[in-house]
Amino acid sequence: MQDRLLTALGALAAAVAVVAGFALLFTVLDEGGDASPTRTVIVRVPGGHTASGDKAKPGHASVGAKVPRSAPARPVRLPTLADRPRRGVAFEIAHIGEGAKVDLRSAPGGPVVAKLGDETEFGSPVSFSVVATKPGWLGVSTPELPNGDLGWIARDPTEVDVYWTRYSLHASLTGRSLELRYGDKVVSRFEVTVGGPGTETPPGRYGVTDGVSFDESPYYGCCALALSGHQYAELPAGWIGGNRLAIHGTPGAVGGAESLGCIRATDETMRYLFARVPLGTPVFIDA
């Protein structure tokens, strides 16, 4: 996401009286799934000025923002399924249970590369798009590893919940388009801006890790879906989220090839996606 979002967020959150907010639901719903209680996660991104009172630099965390009126405070139902559908295309999602600690390994039973808790750096519940499976193991797309490398977590039902979704996002860099699919059906198609010469958007398979709302940012529009991948471009020190890849809004036009690596969509598109895709949704970016 052109953003290292929030190494400073913990300290800033304590100082924030009014902040931007986004409520992302992680729910088991829809056909074939047993309903579980709705879990609402509020990811807060300050905006406006820094805690010291200085005007925030572009891309840096700041305080004093309001939730955009046009952004939904609570997105509509986000369908996930408790079991794999008997027919059709579906994708597995792994979710670290509340209070759990999980070892992320380089291979099934291999060396531990990271120890993960139940929250991301942005405060969302840790959720993965599952790319591969082996007996007792889940191969997941994770920001802790380079693009294309899988991390492996044990399929331990006491620590990891497994869900399924029919939703997926598919971006075409040459076509400068983004599709939301339900199974193998294209639900919607949107025009987007992609990375420019020397700062190309990296193709690959990723997963949605977080949903973040901004106060009509001139850089990220209304909101952003943080992904498990990383951009290639060097970004300014302190940029929110570092080199994390994202699909984010913009107050400007879309359709070009000029971003630093992220995919830009209109705010209208982002609000539409926020209301539909759950954490862990797979994102396929094709050259």
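A salt bridge is a side-chain nitrogen of Lys or Arg within 4 Å of a carboxyl oxygen of Asp or Glu. The model is predicted: local features need pLDDT of at least 70, side-chain atom pairs count only at pLDDT 80 or more, and totals for chains, interfaces and linings use all residues. Residues are numbered from 1 along each chain as its sequence is written, and side-chain values use heavy atoms, with hydrogens and water left out.

**Exercise 1.** Find which residues are linked with Asp-103 in a network of salt bridges.

Solution. Start at Asp-103. Its network of salt bridges also holds Arg-105 and Lys-115. Then widen the search to the whole structure: eight salt bridges turn up.

**Exercise 2.** Explain what the salt bridge between Arg-155 and Glu-92 ties together.

Solution. Step one: check the contact. The side chains meet at 3.3 Å, N to O. Step two: place the residues. Arg-155 sits in the loop between strand S8 (150-154) and strand S9 (160-165), and Glu-92 in strand S3 (residues 91-96), so the pair joins parts that are 63 residues apart in sequence. Strands here are DSSP runs (E, at least two residues), numbered from the N terminus. Step three: classify exposure. Buried means under 20% relative accessible area, exposed over 50%, partly exposed in between (1.4 Å probe, protein chains only). Arg-155, at 37%, is partly exposed. Glu-92, at 9%, is buried.

**Exercise 3.** Classify Glu-179 and Arg-181, then Glu-258.

Solution. Glu-179 is buried at 11%. Its salt-bridge partner Arg-181 is 2.9 Å away, N to O. Arg-181 is partly exposed at 26%. Glu-258 is exposed at 51%. Glu-258 pairs with Arg-264, with the closest N and O atoms 3.6 Å apart.

Notes. Helix = DSSP H or I, 4+ residues; strand = E, 2+ residues; numbered from the N terminus.
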